[in-house]
Amino acid sequence: GCSCVVYSSSDRPQGGTFISPCYPHRYPSNIDCLLYTFIGQPDEIVKLTFHHFNIRRVRPDCVGGDFLKVFLHLETTGVSEYTPWSDVLCGDLRDIPQVLYSSRSTLILELHTQGPPSNATGFFGNFRFIDRRLFETDGVLIPGTMCDLEFVSSQSKRLYGRFYSPQYPSSYPKNIRCSYLFRARLKERIRLFFEEIALQNGDLSCLNRADLIRVHDGTDSGAPTIAVLCNQGAKVEVLSTGSDLYVEFVANSKWPGQGFKATFQFQPLDDAPHSEPDKVIPGAVTGNPNYSVIGPAVGATSKYITLCRRFIIPLNQ
């Protein structure tokens, strides 16, 4: 079985720190299985930030030798040998995602080390519990679908809101296809603003990317495509020519990214920009061009681990 250290929101609602055994000294070489379990309230997610990371790399894929398994998408507070993991980490801080988010209330790290001894010093980081409602999408789920959402303008609703990739700010699932349909009223257009995009990295062309965002100037995927977004970007703005806009998010990569966060606004035609050089024209896109653009323009419980002969370090400081 595994040794376990539990960090609970009930005991430490403000979060705290976590460290590898013996940190900042080198970690032991015979840790068979040590679990770091972070448990929030049902309406919380877990955020981990690594400030130091140094785990000896034995294999390029980190599976074997010394490694840290990451479980981000757990439905229970435990794991077994059959539980699918989200990532396996080793190497230095520059080799890993320095910030991790769970998609539900539990996040688990699983540490393994095996000889020979090395000078690697392990890791140090902070954890926080965050209200998951901060990342709720304002659209309505279309019945019978997993992640197809509809956003309809009406006098009884505000004319703006937010939408996210599934499980944001955690990584999105593999092998999914989601849609976001925006339906404005007569004499309105739709303005989208992608604040952050973090999909699977690749070359600048989106033609062969497994993960991408397509924006169509109409009600479905048969409408003209005005933008195809992939890789990473920020501050991307899209404006429809008419009263409908359809966004497709497709993810087929082996190692998904964090996804995207964006805002929408139903905008009266009178407020639509015209020829100002710093504005978005209808059917056009502006923003960081790290992707293809197509179109007109274009609580921690206090526990101790005694794996060190000379050092006894509290894992929660």
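Both domain 1 (3-133) and domain 2 (136-268) contribute at least three residues each to the lining of the largest pocket, the domain bounds being taken from an automatic or database domain assignment. The model is predicted, and local features need pLDDT of at least 70, side-chain atom pairs count only at pLDDT 80 or more, and totals for chains, interfaces and linings use all residues. Residues are numbered from 1 along each chain as its sequence is written, and side-chain values use heavy atoms, with hydrogens and water left out.

A pocket is an open set of points on a 1 Å grid over the protein atoms alone, where a 1.4 Å probe fits, with protein on both sides within 12 Å along at least five of seven lines; lining residues have an atom within 4 Å of a point. The volume of the largest pocket is about 830 Å³, volume being the space filled by probe spheres set on the points, which are joined across faces, edges and corners. Its lining comprises 30 residues, with Leu 72, Asp 87, Ser 171, Pro 256 and Gly 257 nearest the centre. By class, 16 are nonpolar, 12 polar and 2 charged (nonpolar: Ala, Val, Leu, Ile, Met, Phe, Trp, Tyr, Cys and Pro; charged: Asp, Glu, Lys and Arg; polar: the others, Gly among them). Strand β8 (residues 99-101) supplies the largest share, 3 residues; strands are DSSP runs of E, at least two residues, numbered from the N terminus.

The second largest pocket has a volume of about 620 Å³. Arg 132, Ser 165, Pro 166, Gln 167 and Tyr 168 are the closest to its centre among 23 lining residues. These divide into 14 nonpolar, 5 polar and 4 charged. Strand β14 (residues 176-183) gives the most, 3 residues.

Key:
Helices (H or I, at least four residues) and strands (E, at least two) are DSSP runs, numbered from the N terminus.
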